[in-house]
Amino acid sequence: MRDIMRDYLKNNDISIKDGTDVNSIMRDMMSVLLEGALEEELDEELGYSK
């Protein structure tokens, strides 16, 4: 997980200066995770795909 975070920060040229930056990054990552989980649920449970 640390490697993924490190690569994400490096590849997107993101620098963390304070807690606000951390919160923003975490919010972005959480939205990506939730979107992926919901899409997978639609595929598995309902047979829909995006």
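Ile16 counts as partly exposed, with a relative accessibility of 46%. The model described here is predicted. Ile16 sits in the loop between helix H1 (2-11) and H2. Setting aside neighbours within four places in sequence, Ile16 is in contact with Leu9, Asp21, Val22 and Ile25.

Helix H2 covers residues 19-46, a run of 28 residues. At 1.5 Å a residue, H2 should span 40 Å. The C-alpha atoms at its ends are 39 Å apart, which agrees with that expectation. Both ends of H2 show a local feature. At the start, a side-chain oxygen of Asp18 comes to within 3.2 Å of the backbone nitrogen of Thr20. Just after the helix, Gly47 adopts a positive phi of about 80°.

Attention now turns to charged side chains. Side chains of opposite charge can pair when their charged atoms come close. The structure holds one salt bridge. Asp3 and Arg6 form this salt bridge through their side chains, with an N to O distance of 2.9 Å. Both residues lie in helix H1. Asp3 and Arg6 are three residues apart, about one turn of the helix. Asp3 has a relative accessibility of 49% and therefore counts as partly exposed. Arg6, at 46%, is likewise partly exposed.

Methods. Residues numbered from 1 in each chain as written. Predicted model: local features only at pLDDT ≥ 70, side-chain atom pairs only at ≥ 80, totals over all residues. Heavy atoms only, no water. Helix = DSSP H or I, 4+ residues; strand = E, 2+ residues; numbered from the N terminus. Expected span 1.5 Å × (residues − 1). Polar contact = N/O pair within 3.5 Å; in protein donor to acceptor, adjacent residues only side chain to side chain. Buried < 20%, exposed > 50% of the residue type's maximum accessible area, 1.4 Å probe, protein only. Contact = heavy atoms within 4.5 Å. Salt bridge = Lys/Arg side-chain N within 4 Å of Asp/Glu carboxyl O.
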